[in-house]
Amino acid sequence: MTLSGILPFASTIVMLVFTISVFRRWLARRKAHFLFWSIGLAMFGAGSFAEAYFATLGWSPVVFFIWYLFGAALNAGWIGHGSLLLFARKRWVHVLTALLIGGSLFAGYLMLSVMPRLDASAFNPAVSIGEQYRTIMPSVSDGASVRLTTPFFNIYGLITLVGMAIWSAWLFLRKQVLPNRVLGNILIAAGALSIGLASTLTRLGVGAYLYLGELIAALLMYAGFVMAGAPAPQAEASGVTETSAAD
Amino acid sequence: MTEPEMVDPGRPKQEVRRTPLKPSASRIESDSVFYTRLVPVILGALALMTIVLIVIAAGVLIGVVPFR
């Protein structure tokens with residue numbers, strides 16, 4: 001197996017463990033942010049698995065559908081929305097939830113509509129899918145409107161996930177409590193930025209760091225989640241617990 | 001309905017129980033260079049990186065940044 005198969009495969013394993021861990025918290029506490037995080041992390045893992053599949057087993061239109069829709073377009077938005085739900089429980093957040101679900105379904109419809117027009121003959125197993133998907137998919141002007149939706153989900157995910165993690169870390173730092181949550185949220189923010197940076201470089205034509213960025217992101221975010229979610233003395237936690245990205 | 005509790009003014013007030021704090025686990029030392037100097041710089045750098053990425057993504061979206 002080559003490095004382009006090993007890195008996404010390792011990311012898949014980390015994300016699988018991470019997703020199960022978060023989903024078990026949702027089962028135990030039934031808080032919406034855990035559910036949105038679980039779904040987003042599962043999408044991230046599905047995208048990584050698709051990359052490992054392409055590197056080892058070759059082309060598959062179904063796997064490409066999974067990779068683009070869940071791995072490239074939706075996952076950041078869903079993870080970030082989970083962070084937003086942790087902070088804000090007002091009515092306008094429900095509107096955003098409806099928009100995210102509706103937008104995701106619409107992106108799924110757009111992706112389905114472009115599937116018959118994929119150029120499978122352009123696929124090269126020696127090149128990472130992140131570097132060659134533009135040659136497989138038609139351009140926006142040729143009908144691949146789903147590509148227009150990706151930046152919206154990713155910008156939304158970046159603002160909410162990284163923004164909330166930085167804000168959360170800052171609140172704990174200002175109150176001078178729970179250093180584990182300060183560091184945990186920093187790791188979560190750094191992990192999210194790692195994949196954001198790698199994705200941006202890929203979009204600008206430098207795709208060599210995408211799989212490495214994904215693995216670093218998976219490891220940092222999981223480490224941050226574990227660190228921020230470590231049990232803390234109740235007396236100090238009471239005032240600020242609700243602002244933790246891993247509550 | 002419950003009976004109102006008779007209060008004896010001579011009885012000492014009950015003390016509120018407080019969980020003893022573990023300074024190392026729950027509090028950030030105010031003289032810690034790591035938390036007072038380094039962590040704010042890291043947070044600022046992360047915030048700056050976020051803004052840069054958002055600007056690039058927005059640039060791609062509106063066609064200012066070349067998209068390959």
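I noted the convention before anything else: a crossing is left-handed if the near helix is turned anticlockwise from the far one by less than a right angle, and right-handed if clockwise. With that, I recorded that α3(A) passes α6(A) in a left-handed crossing. By class, this contact has 16 nonpolar, nine polar and no charged residues (Ala, Val, Leu, Ile, Met, Phe, Trp, Tyr, Cys and Pro count as nonpolar, Asp, Glu, Lys and Arg as charged, and the others, Gly among them, as polar).

This is a predicted model, in which local features need pLDDT of at least 70, side-chain atom pairs count only at pLDDT 80 or more, and totals for chains, interfaces and linings use all residues. Residues are numbered from 1 along each chain as its sequence is written, while chains are lettered from A and ligands numbered from 1 in the order in which they are written.

I then looked up the geometry of the pair. Helix α3 (residues 61-87) of chain A and helix α6 (residues 146-175) of chain A pack at about 35°, their axes 7 Å apart (axes are lines fitted to C-alpha atoms, for helices over the stretch in contact, and angles run from 0 to 180 degrees between N-to-C directions).

Next I counted elements. Chain A has nine helices and zero strands, and chain B has two helices and zero strands (DSSP runs, H or I of at least four residues for helices, E of at least two for strands, numbered from the N terminus).

Last, I checked burial (20 or more other C-beta atoms within 10 Å of the residue's own, C-beta atoms being placed from the backbone). In chain A, 52% of the 247 residues count as buried; in chain B, 10% of 68 do.

How values were computed: Buried ≥ 20, exposed ≤ 12 C-beta atoms within 10 Å, placed from the backbone.
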